[in-house]
Amino acid sequence: MVAEGLDLHMTQQVDDLLDKAQAAYEADDSTAVADLCREALDADPNNARAWDLLAKFGGWDAKLYVLDFDFAIDSAAHALGLIPESQRYDAAAEIYTARKKQIAHVLESEMMMPSYTAAKQLHATMMDWKRMLEEIPYLSAALIEGEVTLVNNLCLRSKMGVMPGDRLVYTAYASLNGKESYGDTFQKALDGRLQRERARQEQHTGELLDDVRSRRDALAERVATGLLSPDDEKAELMELLATCKNELVSVEGQSNRVVYAQQLEELERQLEATKSYKVFKRQDLTRKIADTREKAEQLEAELATATAPLREQAAAIEARLAELG
């Protein structure tokens, strides 16, 4: 998106700068990305492409593994405000995914030299990570819930670790977080947002279902009164069917099927690696596996209920299309 009023020459210059910034982003050259984007923004202050790159990479030092979380959050909010609302959840997920890779680098660097100072730094990083999940707008419920699960697994692995670096996450939350696992801290802090995002998705699906039903009724009325040819009816039905199937893919894609499968795999791997004489650890892992399986089964039941009306509409449309030939 280039601001109105820029001449063709300036527009081309901005595009060239952002092409170079994209190449620098892919080469992990954070300094070049920031410099090139700011140069582009001098000419076009609300350029969506420049802000998207800054939201993913600005404030990140790829050499020292330092991330400016305040800049990351603020630039993400600004970037998302510059694009159509229909694109914001996908764009927010891309921005967050880029930032999560940087957070992983920061955590890895802090674990390399385990000490009380490193534990304090790691604790601060975890709190900033939580704040990012709280404050970056347009993150889906599935993404947030998946990150809580990831943090839970991180804490579990650390608690079971042997080497000081492996145990640093456990050391940090045991010493600096009131002995509360970061997974529990994230869950408490994000529970309200999770509930709001689930309600939003449910409302969106309900509104889309109502729209499909009303369009089908209007279509049937036009057919009954002879205002619509079979070919036109077929074309509109195929469009409605595509709408239903796209929403089904969206609802199922935003679920945590993959997250639960990964969590089960991780827990089962840890159980297999735990010695038989470590009875309490094995009992704890066995309980967590059972709980995770129960959550996965509950998710499948919820998905079946949530998607049933859309599947019924899709089946009815497919039946009518079969009649039309």
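Q: How do helices α6 and α9 run relative to each other, roughly parallel or roughly antiparallel?
A: In this predicted model, α6 covers residues 116-135 and α9 covers residues 182-224. Their axes come within 10 Å and cross at roughly 20°. Angles under 35 degrees count as roughly parallel, so the answer for α6 and α9 is roughly parallel.

Q: Which residues of α9 make the contact with α6?
A: Let's take the α6 side to start with: Leu122, His123, Met126, Met127, Trp129, Lys130, Leu133, Glu134 and Glu135. By class, the contact of α6 with α9 has 9 nonpolar, 2 polar and 4 charged residues. The α9 side is made up of Tyr182, Thr185, Phe186, Ala189, Leu190 and Arg193.

Q: Which residues touch the most other members of the largest nonpolar core?
A: Nonpolar side chains tend to be buried together in soluble globular proteins. Here the largest nonpolar core has 61 residues. Tyr182 has contacts with Leu122, Met126 and Val151, among others. The residues touching the most other core members are Met126, Trp129, Met132, Tyr182 and Phe186.

Q: At what angle do helices α3 and α5 pack?
A: Helix α3 spans residues 48-57 and helix α5 spans residues 88-112, with their axes 7 Å apart. Asp52, Leu54, Ala55, Lys56 and Phe57 of α3 meet Glu94, Ile95, Ala98, Arg99 and Gln102 of α5. By class, that contact has 5 nonpolar, 1 polar and 4 charged residues. The packing angle of α3 and α5 is about 35°.

Methods. Residues numbered from 1 in each chain as written. Predicted model: local features only at pLDDT ≥ 70, side-chain atom pairs only at ≥ 80, totals over all residues. Heavy atoms only, no water. Axes fitted to C-alpha atoms, helices over the stretch in contact; angles between N-to-C directions. Helix = DSSP H or I, 4+ residues; strand = E, 2+ residues; numbered from the N terminus. Parallel < 35°, antiparallel > 145°, perpendicular 65-115°, else oblique. Contact = heavy atoms within 4.5 Å. Nonpolar A, V, L, I, M, F, W, Y, C, P; charged D, E, K, R; others polar. Core = buried A, V, L, I, M, F, W, Y, C linked by side-chain atoms within 4.5 Å. Buried < 20%, exposed > 50% of the residue type's maximum accessible area, 1.4 Å probe, protein only. Lists of a residue's contacts leave out its neighbours within four places in sequence.
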